[in-house]
Amino acid sequence: RGMSDSIFSLLERKIDEYESDIKTYLASGQAETMDMYNRGVGRNEALQFIRQDLKDIEKRYIES
């Protein structure tokens, strides 16, 4: 397991934590307004884009 593997897995774990926090926030009703709810959903969507980018970068890194 190389250094790059640990960096990629560390980032993925951090994204998992952020997603879990957002899901808990939304599911527990802490978003008191629709604006707050929409921001949470938007943050989760952004994390999905980042996760996909990270997978693509990791794949290119491994293949090079």
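Leaving aside its neighbours within four places in sequence, which residues is Ile22 in contact with? In this predicted model, they are Gly40, Arg43, Asn44 and Leu47.

Ile22 and Leu47 both belong to the largest nonpolar core, together with Phe8, Ile15 and Leu54. Two elements give two or more residues to this core: α1, residues 3-27, and α2, residues 34-63. The most comes from α1, with three residues.

Now the charged side chains. The count of salt bridges is five. I will go through the ones on Arg51.

One joins Glu12 and Arg51, at 3.7 Å from N to O. Glu12 lies in helix α1 and Arg51 in helix α2, so this pair ties together parts that are 39 residues apart in sequence.

Asp16 also meets Arg51 in a salt bridge, at 2.7 Å from N to O. Asp16 is in helix α1 and Arg51 in helix α2, so here the parts tied together are 35 residues apart in sequence.

Then there is Glu19, whose salt bridge with Arg51 has its closest N and O atoms 2.7 Å apart. That pair links helix α1 to helix α2 across 32 residues.

Taken together, Glu12, Asp16, Glu19 and Arg51 form a network of salt bridges. As for burial, Arg51 counts as buried because its relative accessibility is 12%, under the 20% limit. Glu19 is buried too, at 9%. Glu12 is partly exposed at 35%, and Asp16 is partly exposed at 36%.

Last, the surface. Met34, Tyr37 and Val41 make a nonpolar patch of about 290 Å². Val41 is in helix α2 and counts as partly exposed, at 36% relative accessibility.

How values were computed. Residues numbered from 1 in each chain as written. Predicted model: local features only at pLDDT ≥ 70, side-chain atom pairs only at ≥ 80, totals over all residues. Heavy atoms only, no water. Core = buried A, V, L, I, M, F, W, Y, C linked by side-chain atoms within 4.5 Å. Buried < 20%, exposed > 50% of the residue type's maximum accessible area, 1.4 Å probe, protein only. Helix = DSSP H or I, 4+ residues; strand = E, 2+ residues; numbered from the N terminus. Contact = heavy atoms within 4.5 Å. Patch = residues over 30% accessible without salt bridge, like charges linked within 9 Å, V, L, I, M, F, W, Y side chains within 5 Å. Areas by Shrake-Rupley, 256 points an atom, 1.4 Å probe, with all protein chains shown as cover. Salt bridge = Lys/Arg side-chain N within 4 Å of Asp/Glu carboxyl O.
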